[in-house]
Amino acid sequence: MSVEKRIFKIPVGPQHPALKEFEHFVFTVDGERVIDVGFRIGYTHRGIEKLAESKTYIQNLYLCERICGICSAAHQGCYAQTVEELADITAPPRGTYIRTLIWELERIHSHLLWLGVAAHEIGFDTLFMLVWRDREVVMDLLEMISGNRVNYAMSTIGGVRRDISDELKHKILKGLDILEERTKYYKEVCMKEQTILARAANVGILTREQALKLNAVGPTARASGVDVDLRRDDPYGAYDEVPFNVIVYDTCDVLARVLVRVDETFECINMCRWLLENLPEGDIRTKFARKIAENEVVGRVEAPRGELFYYIKSNGTDKPERLKVRTPTLANILPVCEMLKGGYIADIPIVLAGIDPCFACMDRALFIDENSEKKWVWSREQLRIYSIKWYKEHGNEVVRERWKQ
Amino acid sequence: MAVLSKLVKWARIKSPWIIHYNSGGCNACDIEVVAALTPRFDVERFGILLKGSPRHADVLVVTGPVTRQTKNRLIRIYNQMADPKFVLAVGTCTITGGVFRGAYGVLGGVDEAIPVDVFVPGCPPKPEAIIQGVVKLLEKLQKT
């Protein structure tokens, strides 16, 4: 067989059975190695930006929240914050603190969710189930504060909608203790467990130069040694007062992305404690006039997945003239293509999951031999099973080779 | 034959395998569906398993409104499933299109594309509500 004949193209997606939205990737592979990656986005395109122009500022709060279900508070908070700047009002300190608390609790829930999904992708389902069991603790806390488990509807223009009582404060602190203890255990698991080290160390390399060049954001960038975090670089909410560390790892692989998120969870827990202990007295919201004079504002927040960007233009009515959103996953697509190049087919699921995408449609992978036009179809689940089986057979040599580097 | 069909029905009720498909939603219902499968809520005790292929599944769990891009794919998945097949639509978006109703990329509820057996309202529904929807579906299976 000549060399050309060994080059295959693998379209992956767009359907998938897991918890993420869909996406279509085309992998060009030479044997087991991925040599090129292409992608097509837009399957979930609903026309939210256009729809927002026909809704009032208050109605848009709930539309923006539903752009992403996992980082809903980040979206809603970012929108509310941007409109506040547009209308030139400021939320009272207590409102800002509660909003920041929700952001951090959401980050805990999102990072734990991701750790579970990553464990599932490498076939470590015990860890997946354990993490999701403990994640219910933070879900309960969010439900106690806001009344809903996922879309909290806490932020509103000019503050937040619900207050935190002293009784609730104690319950949250108790919940945070349990979370801290469990996260410590998971950190130990991630540092020592051979299953994770073998599949995550030296996989999906994204060097610092590549991360800067391709504009990686959030934990993906921080795992490649790029010291960037909007909470510190461009403080918003209560972040200019809360003490916290920015977690940066420089090993540039999937393991670094795991550890950045686990360490950030500790930071989040400490920040929540600080916020609750230093919660200022006073109102939780200010009044907001429904109509906003002509103005335009850019707002940014650090969502669990990275920098979230909002642009809003007003025209003197109660509806925005233009709303533009850029989500962190879009910024991280080009870096993930770079990570996949040169890797094995079996590493695709974990590397794709590594950026914590709001999609990952690996269902129905279609394998096409360009020369003989032979086709076969793989689902994402089959690809996952294939990757686990492949590592059982070839794992030892691959891992040995990786450790040598 | 009566004995055989009884046996088949018993097997079907004890192990309704599901395939989960997001037809354009925001992920919130998806994480609640997965939460229902994990230890706190654990629908696996009803014999429910998440499957990757539509050909292995009895129940199609759909979340989110149907977008123009996904309608044909949703119908294709539905057609690939073996009879008898059931559809569980999770979330307000699957009923009417929810908050996205009126957007140019959104067609509306899931029944725009495929017939639905049980709707679970909520944005997103709690795992308890999803479990109730599953129980309703099992009752419906009992009657078939």
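1. How many helices and strands are there in chain B? Chain B of this predicted model has five helices and six strands, where helices (H or I, at least four residues) and strands (E, at least two) are DSSP runs numbered from the N terminus. Along the sequence these elements follow the pattern α-β-α-β-β-α-β-α-β-β-α.

2. On conventions, residues are numbered from 1 along each chain as its sequence is written, and chains are lettered from A and ligands numbered from 1 in the order in which they are written. Because the model is predicted, local features need pLDDT of at least 70 and side-chain atom pairs count only at pLDDT 80 or more, while totals for chains, interfaces and linings use all residues.

3. The radius of gyration of chain B is 15 Å, which agrees with the value near 15 Å for a compact globule of 144 residues (taken over C-alpha atoms, with a globule rule of 2.2 Å times the number of residues to the power 0.38). The C-alpha trace of chain B spans about 50 × 35 × 25 Å along its principal axes. Of the 144 residues in chain B, 51% are buried, that is, have 20 or more other C-beta atoms within 10 Å of their own, with C-beta atoms placed from the backbone.

4. In chain A, helix H3 (residues 72-87) and helix H4 (residues 93-121) pack at about 150 degrees with their axes 9 Å apart (axes are lines fitted to C-alpha atoms over the stretch in contact, and angles run from 0 to 180 degrees between N-to-C directions). H3(A) and H4(A) are therefore roughly antiparallel, the term for angles over 145 degrees. The contact (C-beta atoms, placed from the backbone, within 7 Å) joins Ala73(A), Ala74(A) and Gly77(A) of H3(A) to Arg99(A), Ile102(A), Trp103(A) and Glu106(A) of H4(A).

5. The axes of H4(A) and H5(A) come within 8 Å and cross at roughly 165 degrees, so that these two helices are also roughly antiparallel. Among the residues that meet here are Leu105(A) and Leu112(A) in H4(A) and Phe128(A) and Val131(A) in H5(A). This contact divides into 16 nonpolar, three polar and three charged residues (Ala, Val, Leu, Ile, Met, Phe, Trp, Tyr, Cys and Pro count as nonpolar, Asp, Glu, Lys and Arg as charged, and the others, Gly among them, as polar).

6. Between the chains, 38 residues of chain A are in contact with 35 residues of chain B. H5(A) gives the largest share of the side of chain A that touches chain B, namely four residues, and that side divides into 17 nonpolar, 10 polar and 11 charged residues.

Note on methods:
Angles under 35 degrees count as roughly parallel, over 145 as roughly antiparallel, 65 to 115 as roughly perpendicular and the rest as oblique. Two residues are in contact if their C-beta atoms, placed from the backbone, lie within 7 Å. A residue is buried if 20 or more other C-beta atoms lie within 10 Å of its own, exposed if 12 or fewer, and partly exposed in between; C-beta atoms are placed from the backbone.
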